[in-house]
Amino acid sequence: MNKLSRRSIQSELAPFVKSETWRGLLVFAIDLATYVAAVAGVLFLPDLWMKIVCGVVAGIKICNLVTVAHDAAHGSLTRSAALNRAIAIVSFTPGLFNYRLWLYDHHQLHHPMTNGSHRDSWKPYSKEEFDSFSKWRQWREMFYRMPNLVGLGIYYIEVRWLAVKLFPRGFMPRRIHASAWRYFAGLMVYLVAFLALLAAAPLYSSTGTVMALTLGFVVPFYVWLTLISFTLYVHHTHPRVPWFDRPVERRTVAPQEALTVHLRLPRQLSTFMHNVYDHSVHHLQPMIPCYRLPEAQARLIELLGDRVVSSTFTFGWFIDTMRRCKLYDFEKHCWVDFDGRPTSDITIAVPAPVDESEESAIAAAS
């Protein structure tokens with residue numbers, strides 16, 4: 001059955017494209033309430049260790065809220081388009097994600113042209129690109145791609161959040177700028193109000209201003225960005241997963257099941273993270289809500305078998321992946337280290353290029 005076309009696969013996955021408003025609202029309400037409670041814990045719980053735990057939990061719940069926003073922005077969380085939009089905007093706000101920029105980056109670049117020639121999260125450089133960098137930039141790239149929690153967060157702050165998720169840049173389409181600036185203004189109003197609330201903590205709690213700002217904002221924000229960076233890394237980085245530096249025919253040369261990773265986690269942990277690591281089935285059918293992804297992913301594996309790139313998460317697996325997936329040889333289609341030595345088998349048959357107009361047509365069809 002693993003010779004099925006994409007249309008046939010999507011037909012098999014159609015039963016899982018079923019949103020339930022009550023479930024979407026419940027997931028959203030629990031995450032938002034837990035985030036608010038965690039921030040309150042930073043402000044009002046008596047012991048330092050309790051405050052630190054609450055700061056970490058707040059960061060985890062920001063990540064959960066962004067997963068909720070992701071589904072809502074796809075239109076799959078609930079049955080109401082207006083409700084989905086409202087939930088997406090609210091859920092993106094604690095993580096300081098610009099709703100309009102996220103729609104552009106995710107819907108018009110990431111999904112239609114997965115692992116493509118545009119810059120995306122954790123897109124690898126070629127050996128030639130790496131060699132052209134200054135020593136400082138080379139060191140920075142080496143730091144990002146070595147196993148360490150600090151690098152994950154710094155990478156996302158610099159390369160993704162500030163670059164494409166907060167305010168519009170000149171390289172983005174002019175048609176989205178006005179809307180994106182309005183959402184940026186809204187985020188800044190929220191940020192100033194939230195920081196002012198934390199800074200004023202001594203007026204209504206026993207927590208000092210520095211501690212309130214550190215554990216109520218800085219720690220949660222860094223935890224959330226580290227988690228999203230890790231998540232996006234493991235979604236599309238694997239010794240079997242190819243990347244491209246030119247337009248390719250997505251439906252034949254680069255099918256979605258070859259471009260994404262299904263990361264197996266303990267069921268309870270996967271549920272807690274809203275099944276975000278059941279990622280290959282999401283790319284094949286983005287309208288499946290997060291609460292139906294496990295069953296859909298299991299069905300996809302039944303249909304496609306080894307065509308689905310799957311791994312069980314262990315720290316050993318993660319360290320090995322970061323050790324092997326440093327740079328990418330876009331001609332031979334294999335991962336290489338910083339000296340250009342191959343560290344993986346050939347990931348995919350060398351694709352024939354297509355012109356930009358054809359890629360645009362492919363993106364529109366997707």
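**Aromatic contacts and nonpolar cores**

The charged end of arginine 137 lies over the ring of phenylalanine 133, 3.9 Å from its centre; this term requires NZ of Lys or CZ of Arg within 6 Å of the ring centre and within 35 degrees of the ring normal. The model is predicted: local features need pLDDT of at least 70, side-chain atom pairs count only at pLDDT 80 or more, and totals for chains, interfaces and linings use all residues. Residues are numbered from 1 along each chain as its sequence is written, and side-chain values use heavy atoms, with hydrogens and water left out.

**Charge over a ring**
- Lysine 165 places its charged end over the ring of phenylalanine 97, 5.8 Å from the centre.

**Aromatic pairs**
- The whole structure contains 30 aromatic pairs (rings of Phe, Tyr and Trp, the latter by its six-membered ring, with centres within 6.5 Å; planes under 30 degrees apart are stacked, over 60 edge-to-face, the rest tilted).
- Phenylalanine 44 and tyrosine 204 form a tilted pair, with 6.0 Å between centres and 50 degrees between planes.
- Phenylalanine 230 and phenylalanine 318 pair edge-to-face at 5.2 Å centre to centre, with 70 degrees between the planes.
- Both phenylalanine 230 and phenylalanine 318 are buried (under 20% relative accessible area; exposed is over 50%, partly exposed in between; 1.4 Å probe, protein chains only).

**Nonpolar cores**
- The largest nonpolar core has 79 residues, of which Phe97, Tyr156, Trp224, Val234, Tyr277 and Phe318 touch the most other members (a core is a set of buried Ala, Val, Leu, Ile, Met, Phe, Trp, Tyr and Cys residues joined through side-chain atoms within 4.5 Å).
- A second, separate core of nine residues includes Tyr104, Leu109, Met113 and Ala163.
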